[in-house]
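Keep the viewer open as you read.

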Amino acid sequence: MKVPFVDLKSQYLSIKSEIDAAIGGVLNDSGFIGGKHVEFFEKKFADYLGIKHCVGVGNGTDALFIALKVLGIGAGDEVIVPANSFIATSEAVTLCGAKPVFADCESDTYNISPAGVEKAITKKTKAVIPVHLYGQPARMDEIIAIAKANKLWVVEDSAQAHGAEYKGKKAGTMGDISCFSFFPSKNLGAYGDGGAIVTNDDELAVKARMFANHGRKEKYNHEFEGTNSRLDGLQAAVLGVKIGHLEKWINRRIEIAKLYGEELGESVIVPFVMDGARHAYHLYVIQSQRRNELIGHLKNDGISAGIHYPIPLPFMDAYSSFGHLPEDFPVSNFLKDTIISLPMHGSMTDEEAFYVIESVKKFA
Ligand SMILES: *Cc1c(COP(=O)(O)O)cnc(C)c1O
């Protein structure tokens, strides 16, 4: 038996007729850029989250970059980001001319540590970007309180957290502005690149939409320079179909996580879920002291596992000029050698899950 890490093909086959019709519809009315397919999805996604505005953009990295730009962040500013994330989070800060400042993560949730955020604040700090890593919301109550006390913007990186919740609020609705990615393997994924910015702030929403479309509201009347970063009609149509299945897929992820958790809790460290959190399990990350051996063992059994992420951001070559040492981020530095992501997706079968469970148990 082979268990893939994600299975986009089986997901497509399960909704093939709906997807094919939606794509055919876009081709039929040539709604490639902007237009009704994009508007339809933006409205659906905003309603799903319970937020006022959704602006579709080209990808999740652009969503972060544009969000920071419309908040006025630029040269001379600092933005606090987690040490444990995908590089897009810190890259967006550098892209707008500011400096990313890293904060260590928590040893239980693996999310950005509120104490680490506090420690990283300087006179130049303008914003903090909590990432809802692996699909579990960061400790938003504490982060928002720290941000308020220090007059910082809160930009949520919700790229891994479609459908996650914290104390009854959806991830992406707790900060000033929030960014999503629709990269194909994300919980809600397009068939190419896509992203969105969401906010309850009318002015930020208008600015973000303009920035993503060359700084204009109308054709050839450009109020400022922006960029070209738009969600296209084909991707919007795919997402418009998939969002109707999102809850079912997330609930399936939660069921698989429950099976994993019940069966593997004695053998490895399974994910810790905060009180009041709905973990959307974009990734199911466990810890093992013999991580590399475990990956090899799973591979021999035909099971694909991953590491998210093998190198914490401050230790990447891209940031070597910052001169960070392992002891600056002790938790992230420890986790980089123990974390492993097991196969997890919304069309996974019980049979596949039990095959993974047996393989991990055999190893342990
Ligand atoms: C995927 C991801 C992004 C970037 O999204 P793209 O659409 O690939 O640009 C940003 N942040 C995190 C945490 C991600 O996982």
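What follows covers the ligand site, the nonpolar cores and a few single residues.

First, the ground rules: this is a predicted model, where local features need pLDDT of at least 70, side-chain atom pairs count only at pLDDT 80 or more, and totals for chains, interfaces and linings use all residues. Numbering runs from 1 along each chain as its sequence is written, and side-chain values use heavy atoms, with hydrogens and water left out.

Start at the ligand. It is surrounded by 14 residues, of which Gly60, Thr61, Asp157, Ser181 and Lys186 are the closest; to be in this shell, a residue needs a heavy atom within 4 Å of the ligand. By type, the shell holds 4 nonpolar, 8 polar and 2 charged residues. Here Ala, Val, Leu, Ile, Met, Phe, Trp, Tyr, Cys and Pro are nonpolar, Asp, Glu, Lys and Arg are charged, and the others, Gly among them, are polar. The Asp157 side chain puts an N or O atom 2.8 Å from a ligand nitrogen. Gln160 has a polar side-chain atom 2.8 Å from a ligand oxygen, and an N or O atom in the Ser181 side chain is 2.6 Å from an oxygen of the ligand. Taken alone, the ligand would expose 390 Å², and the protein buries 92% of that (Shrake-Rupley areas with a 1.4 Å probe; for residues, only the protein chains shown count as cover). Helix 4 (60-70) and helix 5 (88-95) are the elements that give two or more residues to the shell; helices (H or I, at least four residues) and strands (E, at least two) are DSSP runs numbered from the N terminus.

Now for the packing. The largest nonpolar core has 32 residues, and Ile66, Leu68, Val79 and Val155 touch the most other members. Such a core is a set of buried Ala, Val, Leu, Ile, Met, Phe, Trp, Tyr and Cys residues joined through side-chain atoms within 4.5 Å, with buried meaning under 20% relative accessible area, exposed over 50% and partly exposed in between (1.4 Å probe, protein chains only). Helix 4 gives the most to this core, with 7 residues. Ala67 lies in that helix and is buried at 0% relative accessible area. Beyond four places in sequence, Ala67 touches Val155, Ile177, Cys179 and Ile197, where contact means heavy atoms within 4.5 Å. The C-alpha atoms of Ala67 and Cys179 are separated by 7.6 Å, though the two are 112 residues apart along the chain.

At the start of helix 8, a side-chain oxygen of Asp201 reaches to within 3.0 Å of the backbone nitrogen of Glu203.

Next, compare two loop residues. Ser85 is found between strand 2 and helix 5. Is Ser85 buried or exposed? Its relative accessible area is 4%, so Ser85 is buried. Its side chain makes a polar contact of 2.8 Å with that of Thr89 (a pair of N or O atoms within 3.5 Å; within protein, one must be able to donate a hydrogen and the other to accept it, and residues adjacent in sequence count only if both atoms are side-chain atoms). Asp337 sits in the loop between helix 12 (330-335) and strand 14 (339-342) and, at 43% relative accessibility, is partly exposed. A polar contact of 3.2 Å joins its side chain to that of Lys336.
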